[in-house]
Structure formats: C-alpha cells, structure tokens
Amino acid sequence: MQPPVTGAGWRFWIDRGGTFTDVVACSPRGELQVHKLLSDPPRAPDAPVPADPTVAALRAVLQLAAAEPIPPGMVTEVRLGTTVATNALLERQVAPVLLLVNRGFADLQRIGDQHRPEIFALRIERPEPLPLRVIEIGGRLAADGEELEPLQLNGELEQTLRQARADGYLSCAVALIHACRHPRHELALGAALASQGFTSVQLSHQLSRQPRLVPRIDTAVVEAALGPVLRAYLRQVSGSLGEDTPLRVMTSGGALCSPALVQAKDTILSGPAGGMVAAVAVAAAAGFAGEPILGFDMGGTSTDVFHFDGRRGEAAWERSQETEISGLRLLSPMLPIHTVAAGGGSVLHVEDGRLQVGPRSAGANPGPACYGRGGPLAITDANLLLGRLPADGLPAVFGPGGDRPADRERVVERFAVLARQLGAAAPEAVAQGALAIAIERMAEAIRRISIQRGHDLRHAVLVTFGSAGGQVTCPLADALGIRRVLLHPLAGVLSAYGIGLARPSLLRERTLRAPLDGDLLPQLEQGIEALEAEATRALRSSGDLRPQQRPRRQARLELRYRGSDQGLELLWPAVPRQERLHALRAEFERRHQQRFGFVVPSEPLVVERLQVEVSAPALPEAGPVAVPEGPGCPDRPTGADPSEWVPLCLAEASGGSGGADAVMVWRQVPLWRRRTLVPGQRLEGPGLVVEPTGTTVLEPGWSGRVLEGGELLLERGPAAGGGRPP
C-alpha cells in the first residue's frame with residue numbers, strides 16, 4: 001500500500017499526540033521522511049513559546065526560516081490528526097458555555113442518566129464539570145411535533161441573554177425535547193442567539209439526530225465548549241501554512257474533513273483512527289487480507305486497540321455512534337477503537353503498599369524519569385532499566401535543554417528506591433512487575449472488544465504500532481493466545497501514515513425507529529438518495545469533490561429486535577429489491593447469534609437509524625516509494641548479521657511471563673538494526689530490533705521473518721537457525 005498521488009508538491013501527514021507529534025513527509029519524487037517530535041518540547045522559563053510542532057516539523061523539512069512564507073505550490077497538502085480538542089476537554093481548558101433547555105430540565109445535564117462506571121464504589125467521584133450556565137426556555141413540542149406551548153422569545157429572555165454575554169458567555173448550546181425529529185424551536189432559538197452576537201451557537205439536532213436528550217445535551221455542550229478551541233488552533237496552523245496550502249483534518253470516523261466542516265466532537269479519536277486505517281491497509285498489503293486483525297497502538301500517553309474482521313470486507317468498517325469521555329456522552333460516529341490509560345508515560349507509584357501503573361501520564365514535559373527533567377518513573381523507564389529499550393538507541397533530545405541523552409543512572413536510582421518501598425529483592429523485579437500490570441491491562445482491553453463480542457482470537461494477526469508497542473508485543477500476544485505479530489517499517493509513526501491513506505468523506509444519518517417491512521423499503525431508498533445528495537453537495541462546496549468526479553457511496557442500517565435497545569449495523573444489501581428483506585433478516589440473525597449467542601426468529605425487526613457515507617473517489621497510488629536514509633527516517637535494507645550483542649534482563653520463573661516475584665536473569669542477546677534486514681531474513685529470540693522510531697523485543701520462544709515489503713512478522717516458535725553470543 002503506497003500513498004496516493006495528489007500533486008507535484010510536498011505532502012505532510014501529521015499526528016499530533018499528547019506526548020509525541022509524528023510527521024510523515026512525502027517529497028515530490030515520492031520519497032518519505034519521518035520525524036518524531038515532543039509535542040511539548042522543553043524550553044527555558046524566559047524563552048518564547050515555540051512554534052506548534054506541526055508547523056515546526058514542516059518548516060524543518062522544507063528548510064524554511066521561522067518567518068519565511070511557504071512558496072506557492074511547494075506544499076500540495078497537509079493532513080492533520082490532533083488531540084487538541086481531547087486534551088482541552090480533559091484539562092477543562094474550554095470556553096464557558098450557555099446552555100438553553102426546556103423549562104424544568106435545568107439540572108438534567110448534571111443528573112445525567114444515573115450511570116455509575118464503578119457500581120460498587122462507596123464514594124462516587126465525578127469529573128470536574130464544564131464551566132456552564134443554564135437558562136430554562138418556555139415552550140414545548142410533543143413527540144409528534146404538536147406545539148404544546150409556544151416558544152417564549154420575549155424581552156425577559158433577551159435581557160437574560162444580554163447579561164450572559166456581558167459575563168463572558170459567548171458560546172451557546174441549545175438542546176430541546178424531541179428536537180431530533182422536530183427542530184423548529186431549536187432553529188428559532190438559534191436565530192435569536194445569532195442576532196444577539198453569540199460567536200458559537202450549537203443546536204443539538206444539527207450535531208446528532210439520535211433521540212436521547214441527555215447525550216444530545218452533552219454533545220451540544222462539548223461542541224460549544226471545544227469548538228472555539230479547535231477553530232482557534234486550526235486558524236493558527238492555517239495562518240502559519242498560508243492560504244495556498246490545503247489543510248484537511250482527520251476525524252474519529254476515519255475520514256478527512258475540511259476545517260470549515262469539521263466539528264470538535266468528531267476529532268476526539270482522530271489520531272487513533274488514522275492508525276486503524278493504516279493497520280488494515282498494511283496488513284492487507286502484507287498478505288493478510290480477509291483475516292481477522294487486532295490493532296495495538298501503544299504511544300506515550302495511552303494505548304488504543306481495535307478488532308477488524310477482514311472476512312466481512314467493507315462491512316467490517318463499523319462505527320460506534322456514542323462514546324464516553326471525561327464523564328460526558330458524545331454522539332459522534334467513531335471507529336470502534338478502545339483506549340486505555342497505559343502508555344510509555346504511564347506513571348509507576350505505590351498505593352496501599354501495592355505497585356500501581358497509571359492512569360496518570362508523565363506526558364512530554366517533564367516526561368518519564370529518563371528524560372532528565374524531574375519526571376516520575378514510568379513504563380518507559382521500566383523498559384530502559386531492563387534493557388528492552390537501549391539508552392543509546394534514543395535520540396539526544398532530553399534534559400532541561402532538550403539536547404542530552406536519556407538518563408539511565410537516574411532511572412536505576414529511582415527504581416532502587418521503589419524496590420525498597422515494596423520490599424522487592426531487586427529493582428529489575430519491580431520493573432518487570434510494572435510491565436506485567438500494564439500488559440494485563442492492555443490484554444483485557446483487547447478481550448473486551450474482541451472475545452466479549454464473540455470473536456475468536458486464535459487465528460488473528462496482531463498489528464503492532466506506536467513508538468512503545470514493539471517493546472511489549474510478544475508478551476501481550478502470549479497473554480491473548482495469538483501466534484502472529486506484524487510490524488510495518490513505519491510502525492512507529494503508523495497513525496500519521498494512515499492519515500495519508502484516508503479519503504475525504506462525510507457521514508449523514510437519519511433516525512427512523514420504524515418496523516422493517518416491505519412498505520418501509522421505498523422510504524429507505526428515498527432516504528439513501530436524499531442523504532447522499534446532501535453529503536455530496538457539502539463535499540463539492542468544500543473542494544474535496546470536483547465537479548467531474550463521481551462520489552463513492554456506502555449505506556448502512558442499524559437494526560434491532562422490537563423491544564431491545566441493542567442494535568447491529570448492517571450494509572445495505574446489493575441484491576434485487578425483492579430479496580432485500582430476506583437478506584437483511586438473514587445477516588442480522590447471523591450477526592446477532594455471533595454477538596449475543598441467540599436469535600428470535602419470530603420477533604419483528606426495527607430500523608433504528610439510516611446512515612450514508614459519501615467519499616471522494618480513490619486517488620491513484622504512487623509508484624514505489626524511495627525511502628532515504630538518515631536520522632529520523634526509515635532505513636533502507638542492506639542485509640547483515642546482528643549489529644552487536646547487548647544485555648537484556650529476562651524473567652525466568654516457573655510461572656510464565658513474570659511479575660514482581662520472578663527470577664530476573666541478565667543475558668547477552670543479539671541486536672539487529674532494522675535497516676540491515678532484508679526480505680526472507682529470519683531472526684530468533686531473544687533479541688532486539690531497533691529503528692529510528694521504535695524498538696522491538698523478540699522474546700524467547702519467538703522468531704522473526706522479514707517479508708517482501710520490509711514488514712517484520714513475528715511468530716510463536718523457533719526460526720530456521722539462530723545465533724550465539726561471541
């Protein structure tokens with residue numbers, strides 16, 4: 001799978017994460033350059049705030065000075081995945097919001113639906129609420145649209161709104177009962193708010209047509225709070241790039257979107273979505289098309305996992321319609337990616353006499369202890385102590401000035417203190433125990449999105465990526481019973497690479513809640529055509545779909561049993577009209593049996609929702625990509641034996657993969673440079689494979705094989721031959 005050709009200039013695909021910003025740059029000749037920067041680089045207290053890493057990396061590649069404008073035509077496109085909105089929500093660095101709801105529902109956003117994440121917790125800890133002021137509005141519509149009470153747009157409301165503006169509330173959210181079907185009261189309020197000078201007005205029915213009021217309120221509030229933050233950031237980036245440089249933003253649904261059309265709620269998982277797009281593509285290119293795939297993306301702040309059943313083809317690209325973040329439920333189409341707070345920066349600490357890992361992260365600044373800036377011990381430090389992450393394999397970007405190597409001595413000292421706190425025999429045992437905790441947490445996350453949904457993992461391929469993924473991928477595969485692991489040559493920056501493989505597209509949906517029968521089929525066909533036309537117009541107006549291009553359409557239905565609230569997403573069947581009812585019923589029952597273990601043949605089906613995705617046509621792919629050598633770039637294979645032998649601490653206990661009580665043994669193991677590996681070459685563990693954007697630990701009992709495309713396939717079992725230390 002090669003990047004698409006879009007023009008003669010440079011192309012940049014950027015994933016701005018919480019710890020690192022990953023950049024993949026494609027030159028006009030098709031050569032790739034890879035850069036990994038700290039998202040929050042160190043600086044002196046009196047130093048000016050550095051440029052956004054997105055812009056800084058782009059200018060470094062183009063060899064432009066900070067104030068020098070980008071020459072027209074030099075950059076064909078910039079594609080960006082960003083956590084700016086996510087981080088602003090988590091840190092509550094958001095705009096204050098004025099919420100307008102029906103009279104009597106002022107406390108509904110605070111009350112929610114009484115969902116308790118930890119049902120047995122005696123002390124309920126709620127996230128810090130968003131800065132919010134609620135105004136109750138007179139006026140009420142019935143479920144059928146009948147006006148029970150006229151909307152009260154009067155002088156009293158006008159005075160209340162004027163006072164809110166004077167108090168600094170410039171962002172508004174409007175969420176009224178039954179507005180998903182009958183939005184005229186919301187539209188009238190929106191027009192009144194705009195005339196009052198509010199800069200951001202979010203109407204719940206324009207954000208989602210799903211019927212539940214509580215998540216619609218949350219979604220409208222989050223969009224009103226985060227929209228100004230995201231738009232200010234995108235304006236900053238666009239201003240630095242110049243008007244002639246096209247900018248597109250990756251969404252949580254795996255699509256590219258114009259900055260004018262993107263909504264903040266749709267960027268919560270933009271980077272991980274790029275990783276899923278790339279993981280599926282590179283697995284297919286490596287010969288695993290049509291097989292079940294597990295994605296494992298371990299970065300500095302968190303770990304993202306997903307399951308993709310390649311045997312289902314296009315139908316496997318499902319999107320969840322609701323997610324929860326920081327105590328708020330968002331209605332936004334998202335690829336089914338599950339995130340856990342276990343990354344390379346997850347902080348190690350002692351609580352109640354036990355070793356704990358996370359959920360707090362050391363971030364990029366101060367970062368883990370080895371960064372030399374006074375940060376806490378983290379998973380990265382555990383890997384460094386055990387030799388799983390060679391200190392000399394890391395770039396010299398640490399220390400107070402960002403120009404020193406990783407500080408291993410400090411890590412040794414800090415682990416010795418932690419070992420004394422826990423009464424452990426050796427610091428290495430504590431580090432191994434921390435890894436075991438993190439691995440089990442990540443394995444449980446994968447079980448939740450695969451085994452608990454009826455998927456068999458025994459024949460799946462684990463596609464590992466992210467800068468920290470290769471250090472724990474073998475024990476994670478062992479914990480899951482998986483025997484094959486795939487690592488792409490760009491695994492350390494695969495999310496950014498996936499942003500380059502994505503296509504501009506838009507999703508449009510309509511809530512129906514109607515029985516599935518022959519009378520409904522013509523209405524569904526008309527709805528598909530109407531939603532396609534709406535999305536196509538928006539794509540053409542944004543410039544992502546040219547007049548002569550025909551869009552690609554994909555329609556889906558969410559079906560459920562009558563009386564059930566558990567729906568399943570199905571593709572609109574490409575069969576003759578007279579066979580559609582039977583095809584939908586048969587596929588629903590097959591999927592329901594797999595997911596829930598039973599079917600009810602006599603129970604009527606209900607169409608909950610109709611969704612249509614319209615995409616720009618696939619662009620022509622580039623020819624073979626020439627990858628240059630050099631710092632921060634993927635390495636060109638040359639073929640060689642292990643570069644050197646290095647010490648690696650292994651857990652050799654009768655219990656298995658180890659823990660705090662495992663017997664830790666130091667062994668000399670081979671170290672291979674990724675640039676020296678050639679297709680067909682075989683490796684045998686234990687050993688290390690190092691490259692500019694990551695390190696892979698080949699555990700005992702695992703072997704490696706280099707595929708034709710440069711991918712590294714790890715397999716449980718011995719290779720054909722191996723080496724011994726000199």
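Student: What makes Phe 308 count as buried?

Tutor: Its relative accessibility is 5%. Buried means under 20% relative accessible area, exposed over 50%, partly exposed in between, with a 1.4 Å probe and protein chains only. So 5% puts Phe 308 in the buried class. This is a predicted model, where local features need pLDDT of at least 70, side-chain atom pairs count only at pLDDT 80 or more, and totals for chains, interfaces and linings use all residues. Residues are numbered from 1 along each chain as its sequence is written, and side-chain values use heavy atoms, without hydrogens and water.

Student: Is Trp 317 buried or exposed, and how do you know?

Tutor: Trp 317 has a relative accessible area of 16%, so Trp 317 is buried.

Student: Why is the pair of Phe 308 and Trp 317 called tilted?

Tutor: The ring centres are 4.9 Å apart and the planes make 55 degrees. Rings of Phe, Tyr and Trp (its six-membered ring) pair if their centres lie within 6.5 Å; planes under 30 degrees apart are stacked, over 60 edge-to-face, the rest tilted. An angle of 55 degrees is in the remaining range, so the pair is tilted.

Student: What makes Tyr 561 and Phe 588 an edge-to-face pair?

Tutor: Their centres are 5.1 Å apart, with 90 degrees between the planes. That angle is over 60, so the pair is edge-to-face. The pair links distant parts of the chain: Tyr 561 lies in strand S23 (residues 552-561) and Phe 588 in helix H15 (residues 580-596), 27 residues apart. Helices (H or I, at least four residues) and strands (E, at least two) are DSSP runs, numbered from the N terminus. Both Tyr 561 and Phe 588 are buried.

Student: How do you know that the length of helix H14 agrees with its residue count?

Tutor: H14 covers residues 520-542, which is 23 residues. The expected span is 1.5 Å times one less than the number of residues. That gives 33 Å, and the end C-alpha atoms are 33 Å apart, so the two agree. Gly 543 follows H14, with a positive phi near 90 degrees.

Student: Why is Gln 63 called exposed?

Tutor: Gln 63 has a relative accessible area of 73%, which is over 50%, so Gln 63 is exposed. Gln 63 sits in the loop between helix H1 (53-62) and strand S4 (75-82). Its phi is positive, near 60 degrees, in a residue other than glycine.

Student: What makes Asp 352 exposed?

Tutor: A relative accessible area of 70% passes the 50% limit, so Asp 352 is exposed. Asp 352 lies in the loop between strand S18 (346-351) and strand S19 (354-361).
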